[in-house]
Amino acid sequence: MSLRKNVLANYLGHCWRAIMSLAFVPLYIKYLGIEAYGLIGIFVMLQAWLSLLDMGMKPALGREMARFTGGDHDAQSIWDLLRSIEIIAIGMALLIGLGFWVASDWLAADWVQIDKIPIAVVADSFELMGIVIAFRFIENIYTNSIAGLQRQVLQNVVVIFMEAFRGIGAVAVLVWVEPTIRAFFIWQGLISLVTATIFMMVVYRILPKPANFARFSLSALGEIWRFAAGMLSITLLALLLTQIDKILLSRLLSLKVFGYYAFASLVAGGLYIMVIPISAAFYPRFTELLTRKDDQALVRTYHLGAQLVTVLMGSATVMLIVFADHLLLLWTADPVLTEQVAPIMTILAVGTFLNGLMWIPYQLQLAHGWTSLSIRINFVAVVFIVPALIWVVPIFGSIGAAWVWVSLNTFYVFIGVHFMYRKILTNEKRHWYIQDLLVPILAALVGALIVDWLIPLPITPLAQIGHLILTALLILMIAITAAQQSREKLIAYVRYFFTK
């Protein structure tokens, strides 16, 4: 399957997933209330933290699947590795469910600051969170495997169908069955169980049959332990950097105020739609090119991936920054919610974009099997961010936490990345900063500011939607035109389409 098809498939899948998760948030808040939505925000945070329990094995499995496509594994060895990780993951999932069941009363009574929701309902919600997280923990084994096998088209077909059931079904449950947070999590658990089962069947069908029955193998795990340990360290530090604000805010703020921050984080986090599909497609491609020692193709592919991130994620970020109030009010039809969320969302969007710029360099490091750099940089960042948040959050609240996020990712882009270019692609740093990052994002920002200055937003909602869509397309085209490799690829695809 070609890189182009995988990127497009990933975009369709992730865009659809984002639409299903973002589009219904105003309805969740309407039927559940902002306080109950705060519990959903806590659920997302806990799910991220508990991904640590995979001990780096799932990303390592994805890497080994990519090496399998490059010829470094036979069917028996890759099956033994898969079976070994499956057994460990199922055990961890059982521990997750049990842990939430034991800790639910304490979390409801002593961690969150509840206003109107009964403690018993909150405790039940935490128990159900554990079940959902356990199923999704197992699901990730198979999604990482499919991505490593570069079969993202098939993967995203499943994603599109299941996320439609997840989102539309959740709204249907709240409207016609029971508008409670308990009903919401029960539905999420059912869908996660079905999704994990489907992905397992897909992986089993793709992989060639082994000569012998797949078994648990310590030797198979031993071959990936170093990379897995590095990934575990990176994930731990990354979670400290990206989730510590939510941990502190969930404890220091009321559940209602935390709900506003969780909503703003969700919208800003939607920008990752633009980078996750690219990194998912380019990472196995980087691994394959390194295995074949094709350095020229690697350099071209690297800059193409970096420019795609800047063009797509940068254009979306510019729209969120320049038109934040208009977009939120059109979406939610709630002036109070818009007033509370827009300032936080704008700041978080800047930090998220800066973070997204580092994904392609990070994927290249992983393709080299080089995890120590990210560990060291993230450790230094943690030393900064934890004291900063402890000092800023009690004084400035959620706005202060958002600015700490921006400061952290500014450090990554302007300081941390230099250490990578001293060892990998040593002659490409200037190209990355100027051609891949600076030129496209400045072009998109200037275009958006000119449109905002010259063309006032229409009055009617329908006209506003049309105006914003056309503006987004214009900004995207400006960014593509400013990015050399993206522009050349677009022209080549257009010529190929018309020729064909």
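Which residues lie nearest the centre of the largest pocket? The views below come from a predicted model, and the legend to the first view gives the reply.

**View 1. The largest pocket and its lining.** Met274, Ala316, Met319, Leu320 and Leu327 lie nearest the centre of the largest pocket, which is lined by 26 residues. The space in this pocket comes to about 1,100 Å³. Helix H1 (3-22), helix H12 (295-322), H13 and helix H18 (461-482) are the elements that each give two or more residues to the lining. H18 provides the largest share, with 6 residues. Sorted by class, the lining holds 24 nonpolar and 2 polar residues, and no charged residues.

**View 2. The packing of H13 against H14.** Helix H13 covers residues 324-332, and helix H14 covers residues 335-356. Their axes are 9 Å apart and form an angle of about 140 degrees. Angles over 145 degrees count as roughly antiparallel, and H13 and H14 are therefore oblique to each other. H13 passes H14 in a right-handed crossing. On the H13 side, the contact is made by Ala324, Asp325, Leu328, Leu329 and Thr332. On the H14 side, Pro335, Leu337, Thr338, Val341, Ala342, Met345 and Thr346 take part. The contact of H13 with H14 has 8 nonpolar, 3 polar and 1 charged residues.

**View 3. The packing of H5 against H6.** Helix H5 spans residues 75-111, and helix H6 spans residues 119-148. The two axes come within 8 Å and cross at roughly 165 degrees. This angle makes H5 roughly antiparallel to H6. The crossing of H5 and H6 is right-handed. In the contact of H5 with H6, 22 residues are nonpolar, 4 are polar and 3 are charged.

**View 4. The packing of H17 against H18.** Helix H17, made of residues 429-454, packs with H18 at an angle of about 150 degrees, and their axes are 8 Å apart. H17 is therefore roughly antiparallel to H18. The crossing of H17 and H18 is right-handed. H17 contributes Val439, Pro440, Ala443, Ala444, Gly447, Ala448 and Val451 to the contact. H18 contributes His467, Thr471, Leu474, Ile475, Ile478, Ala479 and Ala482. By class, the contact of H17 with H18 has 11 nonpolar and 3 polar residues, and no charged ones.

Definitions and conventions:
Residues numbered from 1 in each chain as written. Predicted model: local features only at pLDDT ≥ 70, side-chain atom pairs only at ≥ 80, totals over all residues. Heavy atoms only, no water. Axes fitted to C-alpha atoms, helices over the stretch in contact; angles between N-to-C directions. Helix = DSSP H or I, 4+ residues; strand = E, 2+ residues; numbered from the N terminus. Parallel < 35°, antiparallel > 145°, perpendicular 65-115°, else oblique. Left-handed = near helix turned anticlockwise from the far one by under 90°. Contact = heavy atoms within 4.5 Å. Nonpolar A, V, L, I, M, F, W, Y, C, P; charged D, E, K, R; others polar. 1 Å grid on protein atoms, 1.4 Å probe; cavity = no way out; pocket = protein on both sides within 12 Å on 5 of 7 lines; lining within 4 Å. Points joined across faces, edges and corners; volume = space filled by probe spheres on them.
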